[in-house]
Amino acid sequence: MRGLLASSIGVTCAAALALPLTSPAAAARPVAAAELRGAAEVLGSNQSLPLAPLTSRDRTLAPAAAAEQGLPRRDVRHFSLVGVIWDDPDTVLHGRVQVRTRAVGADTWTGWQDLETHNDDAADPGTAERTSGRVHGATAPLWVGDSDGVEVRVRAEADRRTEDTARGSRTATASAPLPTGLRLELVDPGVGAPALGTREAAPAAAAVAAVQPAAAARRSAPTADPAADLARLEADTDAANADLAAPGAAEIPALDRARTEQELFALRAGELTKQQRAKPYIGPRPRIVTRRGWGADEKLRERTFVYTKKVKAAFVHHTASGNGYRCAQAPSLIRGIYRYHVKSMGWRDIGYNFLVDKCGNIYEGRAGGVAKPVLGAHTLGFNTNSVGIAVLGSYGSTKPPAAVVKAVAGLTAWKLGLHGANPKGKTTLKSGGGNLYPKGKKVRLNVISGHRDGFATECPGRKLYGKLGATRTTAARLQGR
């Protein structure tokens, strides 16, 4: 997400966790709709439409100088997720972005809905992902359900500045120009790949080799056969979780405390201290829906996996994508966010390491293995040695369900326990650069923090942030502390 406004207006996290597992095909729109659109779109698609000045005065100006840009009401191909992007990822959109949509098969339109303009989840400055040249500025995406009509308007708003004069201070207002290259992004998440069904969990292997900071594990090279290429990418993703589940598994099953401890000894046999071997503080492994389980199209992401050294902290987010989804639609929503992050915003993969829906189901996010320290793009400046957990929805004024708090506590108790971290403790992280802490500054943070603790933002929303104290207590108890 972008930096805090000069006027000190807070920013909201854009970001992004269901019922018992349903197949991605069942969780999306009816298959008949996909068949009407053609097999090529079964795995999803993106539409990118340029915005233009809307008012008669603005039409005589260059787009960058226009105070209002948008897209008049029009028919489009099916989509379920909507967002707005622009050219420069470091440019802040000082304004208001609103959309209204028409559901498939309906004649009526929704009212205007706001998109969160300050999308502060991002790769750290100077990293290969951030400097690829493909990254765009963006609003948070909004889930609107299966739709085929859209209208959008983006209005510049006054930016308040305080000026010192000989007679004292005065406040002046001026309209900041809208970012250049504004485009409407319409994402069809598709029906996803069919779930293969859950298989028996594979026994834990011997020790997993330690990874180095930001080291990329090279995977299969592309082939001339698209089907074979996809199969190899999916096999790579499965292999990253080979110590936890059999290839093709749609979920990693939950384990009890005793079996989780045994798994810890197998995964980190040579790394545990004598004290950790005698008293391993780790929560029972929760059930996790794999990327195959939510229907990830592995062709979208970059082929390599990138790791940090360890996990010292967990940052909790919300996706700011609205609460109007059903839990059975969560796989479809995640596929939409995945496509938005990669195809629209230019990231290497979905930004979050895990996602949690409002029914408390946990989903694997960025590829590379749920038990491994995968480098994410979730907390600008603090992605190294941390894990990002995003709750699907908006929790500024909406209280998170108890199932969400329970799921985040259970996930952090296990994930942090793999690395010996105390959920009720503090840790020190070095800032990679952001709007709260300059690059290189060592910052003392809660082991379980909200996004706003590392970046000036409203994420994960006031209501969800208020539950982090209870989350820390529960996670520590689950670890046996």
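Predicted model: local features only at pLDDT ≥ 70, side-chain atom pairs only at ≥ 80, totals over all residues.
Residues are numbered from 1 along each chain as its sequence is written, and side-chain values use heavy atoms, with hydrogens and water left out.

Q: How many helices and strands does the protein chain have?
A: Helices (H or I, at least four residues) and strands (E, at least two) are DSSP runs, numbered from the N terminus. By that count the protein chain has 10 helices and 21 strands.

Q: What share of the residues of the protein chain count as buried?
A: Buried means under 20% relative accessible area, exposed over 50%, and partly exposed in between, with a 1.4 Å probe and protein chains only. The protein chain has 481 residues, and the buried share is 55%.

Q: Which strands are the edge strands of the open sheet of 7 strands?
A: Two strands pair if DSSP finds at least two bridges between them. The order is β12-β13-β17-β16-β18-β15-β21, with mixed pairing. An edge strand pairs on one side only, and this holds for β12 (251-252) and β21 (448-450).

Q: Which residue in β13 stands opposite Glu251?
A: Strand β13 covers residues 288-289 and pairs with β12 in the antiparallel sense over 2 bridges. Opposite Glu251 stands Val289.

Q: Which residue does a disulfide join to Cys327?
A: A disulfide is a pair of cysteine sulfur atoms within 2.5 Å, and by this rule the count comes to 1. The S to S distance is 2.0 Å, and the partner of Cys327 is Cys359.

Q: How many residues apart in sequence are the parts that the pair Cys327 and Cys359 ties together?
A: Cys327 lies in the loop between β15 (313-318) and α7 (330-344). Cys359 lies in the loop between β16 (354-356) and β17 (362-364), so the parts tied together are apart in sequence by 32 residues.

Q: Why is the disulfide of Cys327 and Cys359 right-handed?
A: The handedness follows from the torsion about the S-S bond. The disulfide is right-handed because this torsion is about 90°.

Q: Is Cys327 buried or exposed?
A: The relative accessibility of Cys327 is 7%. Cys359, at 30%, counts as partly exposed, whereas Cys327 counts as buried.
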